[in-house]
Structure formats: structure tokens, C-alpha cells
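Student: I have a model to go through with you. Can we look at it together?
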Amino acid sequence: MGTIRKQTIISSFLVYIGFFIGAINMYIYTKDGSFTLEQFALTRIFFDFAQNMYAFGALGVIPVIYKFYPYYKDNLEKHRIDLMTWGMLAAFIGFILVLTAGWYFRPFFESQFIEKSKLIVDYYYWMFPFALGMLFFSVLEGFCWALQQTVFSNFLKETGLRIITSIFIALYYFKLISFESFVYFFAFLYLIIFLILLSYLYYTRQLHFPTTISRVTRKFWKKMLGMQVLIYSGTVIASIAATIDSFIIAKFQGLAVVGVFGLAQYAANLIQVPQRSIQAISAGVLSRAWKDKDMNEIKRIYKRSCINLLIMALFIFGNLWLNVADGMRVLHIQREYEAGIATIFILGMVRIIDAGTGLNAMVINTSTYWRFDFISGVILLAFRLPLTYYLIMHYGIIGSAFAELFAYSLYNFIRFEFLRRKFRMQPFDHKTLLALLSAAISFGIPFFIFQDREGWIPIFLRSILFSGLFIFSVFKLALTPDAGQLYHNFMKRFAK
């Protein structure tokens with residue numbers, strides 16, 4: 001796990017800088033006297049809409065890039081690798097199809113949201129440049145995964161994007177531009193970081209667009225196309241399943257409620273930061289291991305990812321849940337957002353389950369059994385859609401959170417069972433239970449000591465006590481070998 005661990009630490013550090021900047025952005029979005037709930041919710045709808053347009057428009061090409069790149073690298077000179085030529089061409093064609101469908105179905109789309117979420121209708125066409133940027137950036141990001149050089153792309157996606165957003169927010173907050181102008185600027189966020197990443201890869205001579213079809217493409221194009229078709233379906237299904245709740249809430253309950261749900265999602269998504277970093281880094285490593293048929297390495301990565309991501313998820317969630325209610329009050333967040341506190345807890349459980357099952361999706365996607373990801377995705381969507389619709393209709397945003405909990409628990413269990421039965425990969429042991437127990441005890445002590453106190457000082461004391469106790473238990477119980485290795489590496493460097 002040396003390469004993965006090193007890049008994960010660097011990427012996670014950069015990502016958390018991004019989340020710190022994002023937290024400032026979120027504070028301004030939600031504080032008293034700033035953006036309305038509907039205006040903030042519109043920015044969340046932009047992301048969810050673009051996520052679906054990107055899934056449709058990518059045509060399944062991104063997993064093909066990091067799956068087959070090792071074959072190109074081993075058999076062609078760098079300037080003759082034509083994989084990105086066809087990848088970007090497929091993305092461009094896909095976006096033209098999406099744009100055409102968006103124009104054709106606009107009347108139907110408007111009819112769904114005109115009554116309770118009019119802002120979505122007003123800025124409908126401005127969501128397309130946002131989606132275009134996300135699509136093209138994601139294709140280049142997939143190429144960075146294949147190169148196993150993910151630090152800069154992660155920095156742009158997680159930190160650079162938020163810095164640019166901060167500039168736009170500041171312009172609106174200080175009344176230098178109108179909200180309408182803010183949306184126009186916001187629509188080009190991803191196109192800006194796409195152009196930066198494109199320039200970086202071009203000037204570092206890592207990106208080439210040869211127009212001649214290589215012998216590797218001629219040999220593997222049928223396999224690549226077959227993978228692309230099924231991956232495409234699976235990606236679309238996963239995207240719809242991940243974003244459908246925002247649109248159902250917007251249709252039936254209005255944009256203001258989407259804003260409350262959006263803040264709850266943001267808080268819960270803090271837990272996923274290490275997972276997102278390690279997924280990006282592991283794609284190329286796992287593809288290479290499958291190509292070399294190195295099953296021991298694959299099992300090791302899978303097992304380590306489960307315990308490491310579980311520990312990190314528990315650490316983040318513990319600090320979050322200890323202080324979220326108190327934090328909202330001391331930061332003077334609009335009181336309407338407090339309705340989402342229970343939703344944060346349920347979504348936090350979802351993220352812990354997802355983190356604790358490790359890199360199961362990436363292990364499957366980079367193997368020859370990537371078709372199974374499509375099958376499990378169909379099951380997820382078939383279960384998630386009606387459940388989400390029903391629970392939102394009857395219980396509001398907390399119903400959406402429970403739907404996500406039930407659906408993703410089933411989804412991860414299916415993938416866990418597939419890997420266990422097919423490859424005899426069982427990543428859990430007694431240390432998994434010890435990690436859960438340690439987190440619970442470490443959480444309970446500061447919770448009961450400071451439960452009746454409010455303000456900044458109790459927030460810091462709760463966090464320090466929980467973090468200290470949990471980190472101590474990780475090292476004392478040797479819950480993961482990576483913790484000890486990191487400590488020894490740090491002490492060696494410090495000694496020098």
C-alpha cells in the first residue's frame with residue numbers, strides 16, 4: 001500500500017484544505033442575511049443535474065481509460081497512445097446527444113418544477129455548461145487515475161474548484177454582482193478547472209491526441225466497446241440513484257427543503273473525503289494488479305482499504321456528530337437548516353457503511369467481472385427509486401436519508417458477497433469490531449462530560465478528547481498496520 005498510502009495522505013490533505021474552504025463557502029451560503037435557502041439549493045441542483053448529464057454524456061468511457069491504459073503503456077510509445085483521442089471524442093459526442101435531449105425534453109422538465117422550484121426552470125440552460133465542464137474534466141481526471149498521478153487533479157477538483165467558488169460568492173455577498181450574474185459565473189466552474197488540467201497535462205507532455213489508430217486499439221476495441229456499453233448503463237444507474245432524491249424533494253416540497261437536505265449531505269460527505277482520495281489513486285494500481293494476475297496484492301489492498309477507511313470515517317463522524325448542533329448555533333446558521341440535523345446522522349451511517357466496505361466497487365470495476373457492477377447497479381436503482389419516492393412523500397428529507405441507508409446497505413452487501421464467493425476475499429476480522437467499539441467509547445466519554453455545555457470552548461474540548469482517545473486506541477490496539485508504518489516513517493524523518 002506504499003504508493004496508495006503516500007498519495008492518499010497528500011490527496012486527503014489537499015482535499016481537506018478544499019473542504020475547509022468549502023466549509024467557509026457553506027457558512028456564507030447558509031448564514032443569516034446571506035443566500036436564501038432556494039438560492040443555495042439551486043447550486044446543489046446544478047451539481048446533481050450535471051452529475052446525471054455527465055453520466056449520460058461520458059458514454060462509459062472513463063473506466064475504459066484506466067482499465068486499458070496499462071496495455072497501451074506497455075506496448076506503445078507515449079506519443080502514440082491514442083486512448084485519450086477516442087475518449088475525448090466519445091465524451092464530445094455524448095454531450096451533443098445530452099444537449100439535444102435537454103432541448104427536446106425541456107417542456108416536460110419545466111412542468112415538473114415550475115410550481116414549487118421555479119429557479120430551476122429559470123436557469124435551466126445554464127446547467128449545461130456546468131455539466132459540459134464536469135464531463136470533460138472527469139475524462140481527464142480518469143486519465144490521471146490511469147497515470148497514477150492524482151494529486152494535481154484532486155487538488156483542482158476538491159480545492160481549486162472551491163477557491164474559485166469563494167471568489168464568486170464574495171462578489172455576490174459584497175453586492176458587487178447580482179444573483180443572476182453569480183449563477184452565470186457559477187455555470188463555468190468546471191470548464192475553468194478543465195482548461196487548467198488540460199494545460200497542465202499538455203505542458204508536462206503527458207497528454208497526446210494522435211489521430212492514427214494504434215495496434216492496441218485495433219486489438220482491444222471490441223472488448224473496450226463491450227465494457228463501455230455495460231459500464232455506461234451502470235454509471236447512469238448509479239448516478240440517478242445518487243441524485244434522484246434532490247429532484248423528488250424539489251418537485252414535491254420545494255427548493256427550500258432541498259437547501260436543508262443539501263447542507264445535511266455536505267456535512268455527511270465530509271466522511272467520504274479519504275474514500276474519494278483512495279479510489280482515485282487505487283484505480284491504476286488495481287488495474288495493473290489484475291493485468292499481472294497478482295491476487296495477493298489485490299486482496300491486500302481490499303482488506304487494508306476496509307479497515308483504514310472505516311477508521312477514518314468513524315473519526316470524522318465522531319467529531320462531526322459531537323458538535324453539529326452546537327456548531328450551527330454558534331455560527332448563526334439560518335434556523336431552518338436545523339431541521340436537517342437528524343438527516344445528517346442517518347446519512348453519516350450510510351457513509352460509514354460505504355467506507356467500511358472499502359474499495360469493493362473499484363476491485364470489481366478493474367477486474368474481468370466488471371459486468372457485475374452493472375447488475376448490482378440495476379438492483380440498487382430498482383430498490384432505491386420506489387423507496388425514495390415513497391419515503392419522501394410520507395416523511396420528507398429524513399425519509400430520503402433512510403431510503404439511502406437501506407439501499408446502500410443492500411448494495412454494499414451484494415458486492416461484498418460477490419467478492420467473498422468469487423475470489424474468497426473476506427476483509428473483515430476482529431479488528432473491525434474493535435474499531436467500532438473504540439469509536440463508540442471514545443465518543444461516549446466527551447459526549448456525557450460536555451453534553452450540557454455550549455459554545456466554542458466545549459466544541460474544541462469535545463473534539464480534542466474524542467480525537468485523542470480514538471487515535472490512542474488505533475495505535476494501542478494496532479487496528480491497522482498502516483498507522484504504525486506512518487508513525488515510524490514520520491519518526492525517521494523527524495530524527496534526520
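Student: How many cavities of 30 Å³ or more does a search of the whole structure find?
Tutor: Three. A cavity is a set of points on a 1 Å grid over the protein atoms alone where a 1.4 Å probe fits but cannot get out. This is a predicted model, where local features need pLDDT of at least 70, side-chain atom pairs count only at pLDDT 80 or more, and totals for chains, interfaces and linings use all residues. Residues are numbered from 1 along each chain as its sequence is written, and side-chain values use heavy atoms, leaving out hydrogens and water.
Student: What volume has the second largest cavity?
Tutor: About 50 Å³, where a volume is the space filled by probe spheres set on the grid points, joined across faces, edges and corners.
Student: Which residues line the second largest cavity?
Tutor: Y69, K78, I81, M84, F143, Q206, L207 and H208, lining meaning an atom within 4 Å of a point. Five are nonpolar, two polar and one charged.
Student: New topic. Is S467 buried or exposed?
Tutor: S467 counts as buried because its relative accessibility is 14%; buried means under 20% relative accessible area, with a 1.4 Å probe and protein chains only. S467 sits in helix α20, residues 456–476.
Student: What does S467 touch?
Tutor: F315 and N319, not counting residues up to four places away in sequence. Contact means heavy atoms within 4.5 Å.
Student: And why is α15 largely enclosed by the rest of the structure?
Tutor: Because twelve of its 16 residues are buried, among them I341, L347 and R351.
Student: What follows α15?
Tutor: G358, with a positive phi near 65°.

Conventions: Buried < 20%, exposed > 50% of the residue type's maximum accessible area, 1.4 Å probe, protein only. Helix = DSSP H or I, 4+ residues; strand = E, 2+ residues; numbered from the N terminus. 1 Å grid on protein atoms, 1.4 Å probe; cavity = no way out; pocket = protein on both sides within 12 Å on 5 of 7 lines; lining within 4 Å. Nonpolar A, V, L, I, M, F, W, Y, C, P; charged D, E, K, R; others polar.
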